[in-house]
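I opened my notebook and went through this structure one spot at a time. Here is what I looked up, in order.

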Amino acid sequence: MFLRRRIEATQEQMRAKLESLLRAHPDWFMDSYVTQRGGRLVLPLKKEHRKNLQGSVLDASASGSTLFFEPSSVSQMRDELQLLHIQEQNEVQRILAELTQCVAEQHPVLKQNKQCLEELDFYFACASLARQQKASPARVEDGRVIHLQRARHPLLPVKTCVPLDFFLGQAPAKVGVVITGPNTGGKTVALKTVGLLCLMAQTGLHVPCDHGVFPVLDQVLCDLGDGQSIAQNLSTFSAHVTRWVEILRRCTPDTLVLCDELGSGTDPQEGMGLATAMLEGLAARGALILATTHYPEIKPFASTTYGFLNASMAFDPVTLSPLYQLELGKSGRSCALLIARRLGLAEDVLRRAAQVCGGDMPAPAPQEAQAAPIALPQ
């Protein structure tokens with residue numbers, strides 16, 4: 001601080017000296033103010049008065065009539081100021097070196113404090129997220145049971161999200177759940193909700209549901225999206241198959257496998273066969289399975305194969321609107337023609353589509369009677 005006060009005092013003395021010259025000899029100078037050239041304080045001296053002052057000319061005006069002049073008395077002060085700046089820099093380096101040494105000596109303590117702060121920051125972030133999502137503590141237990149009551153996708157607004165009730169890993173869904181139902185009905189969201197909540201519970205986060213029981217999983221393997229890539233020479237179907245190969249290679253009895261639109265992207269008959277074989281192959285490897293599909297042939301497979309359970313996304317055929325509610329124990333219809341009508345597809349195209357399918361275009365009507373949905377196990 002002493003050096004910097006001396007620097008400030010010297011700068012004030014230099015400016016005061018120049019201003020006193022301006023006041024004493026106003027007729028010598030073109031203007032009555034102090035200016036700068038090259039970072040140095042100078043006076044705008046008239047050329048004809050050059051011999052009246054001792055000092056250095058640092059610059060001149062375009063016409064040459066004005067000289068930007070540094071008097072000798074100020075030059076001496078500037079040399080002193082430069083020396084003070086050098087001393088200031090040396091003192092700054094000395095202080096920084098001393099502080100660095102102090103920090104180095106306390107490095108183990110500072111590192112421990114940093115780790116504690118990071119851990120506290122993580123816990124506060126988890127608590128903030130749980131409060132924002134109105135989440136509840138997750139129960140992680142030995143075994144294979146996933147049991148969710150009023151679960152919500154973590155990225156959907158709490159006020160508008162339709163909650164999901166779901167179970168897997170216990171009778172009658174000891175192995176897998178196959179979700180069918182209408183397009184845009186929420187099948188993929190339901191599948192992602194289960195997967196995300198399992199991962200949140202696995203990492204110690206609270207989960208956005210009223211009640212959640214989760215197993216200890218070694219991994220969650222997914223086949224989501226079409227995965228089409230020109231760069232990797234992958235069609236929609238080949239992208240799916242590439243993922244299936246990896247999933248079958250890596251899955252274990254402690255793995256949750258999520259497959260969206262299983263068997264899609266190829267000939268329907270062969271796709272159905274592959275979808276069925278995939279479900280059987282995953283079951284043989286002991287994995288927990290949650291899959292969505294539009295193949296009607298998969299519904300009897302899920303209803304007659306031990307450990308599998310059908311599920312459906314509810315759909316209101318009167319308003320042609322999805323209800324986004326998962327109904328366990330029921331199989332659903334894709335309702336493609338009804339949804340296409342709701343989205344505005346021309347009636348003549350819809351009638352022709354119905355004829356090709358082997359029937360008339362259905363009018364909006366209540367869904368055909370099905371078995372009542374299975375209640376969640378207690």
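**Entry 1: ground rules.** I began with exposure: buried means under 20% relative accessible area, exposed means over 50%, and partly exposed is in between (1.4 Å probe, protein chains only). I noted that this is a predicted model, where local features need pLDDT of at least 70 and side-chain atom pairs count only at pLDDT 80 or more, while totals for chains, interfaces and linings use all residues. Residues are numbered from 1 along each chain as its sequence is written, and side-chain values use heavy atoms, with hydrogens and water left out.

Entry 2: I looked up T236 and found it in helix α5; helices (H or I, at least four residues) and strands (E, at least two) are DSSP runs, numbered from the N terminus. T236 counts as partly exposed because its relative accessibility is 22%. Next I turned to Q89, which sits in helix α2 and is partly exposed at 45% relative accessible area. From the C-alpha atom of Q89 to that of R250, 161 residues apart along the chain, I read 62 Å.

**Entry 3: salt bridges.** How many salt bridges does a search of the whole structure find? It finds 14, each being a side-chain nitrogen of Lys or Arg within 4 Å of a carboxyl oxygen of Asp or Glu. I picked out R4 and E88, whose side chains meet at 2.7 Å, N to O. This pair links distant parts of the chain, since R4 is in helix α1 (residues 2–24) and E88 in helix α2 (residues 72–105), 84 residues apart. R4 is partly exposed at 43% relative accessible area, whereas E88 is buried at 14%.

I also looked at E70 and R40, which form a salt bridge of 2.7 Å, N to O. E70 lies in strand β4 (residues 66–71) and R40 in strand β2 (residues 40–46), so the pair ties together parts 30 residues apart in sequence. E70 is buried, with 0% relative accessibility, and R40 is partly exposed at 25%.

My last pair was E118 and K114, another salt bridge at 2.7 Å, N to O. Both lie in helix α3 (residues 107–133), four residues apart, about one turn of the helix. An α-helix has 3.6 residues a turn, so residues three or four places apart point the same way.

**Entry 4: R152.** Where does R152 lie? I found it in the loop between β6 (146–151) and β7 (164–168). R152 is buried yet has no salt bridge, and the nearest side chain of opposite charge, D210, is 4.4 Å away. (Lys and Arg count as positive and Asp and Glu as negative; His and the chain ends are not counted.) The side chain of R152 does reach two backbone oxygens: that of Q133 at 2.4 Å and that of K134 at 3.2 Å.

**Entry 5: helix α6.** I tested the length of α6 (residues 268–284): at 1.5 Å a residue, its 17 residues should span 24 Å, and the end C-alpha atoms are 24 Å apart, which agrees. The expected span is 1.5 Å times one less than the number of residues. Among the buried residues of α6 are G271, M272, A275 and L279. The buried residues of α6 pack against several elements, including β8 (176–180), β11 (255–259) and α7 (298–304); contact means heavy atoms within 4.5 Å. After α6 comes G286, whose phi is positive, near 85°.

**Entry 6: the cores.** A nonpolar core is a set of buried Ala, Val, Leu, Ile, Met, Phe, Trp, Tyr and Cys residues joined through side-chain atoms within 4.5 Å. The largest one has 33 residues, and those with the most contacts inside it are I146, F166, V177, V194 and L256. Helix α4 (187–202) is among the elements that each supply at least two residues of this core, and α4 gives the most, with seven. Apart from this core lies another, of 22 residues, among them C259, L279, I298 and F308.

Methods:
Polar contact = N/O pair within 3.5 Å; in protein donor to acceptor, adjacent residues only side chain to side chain.
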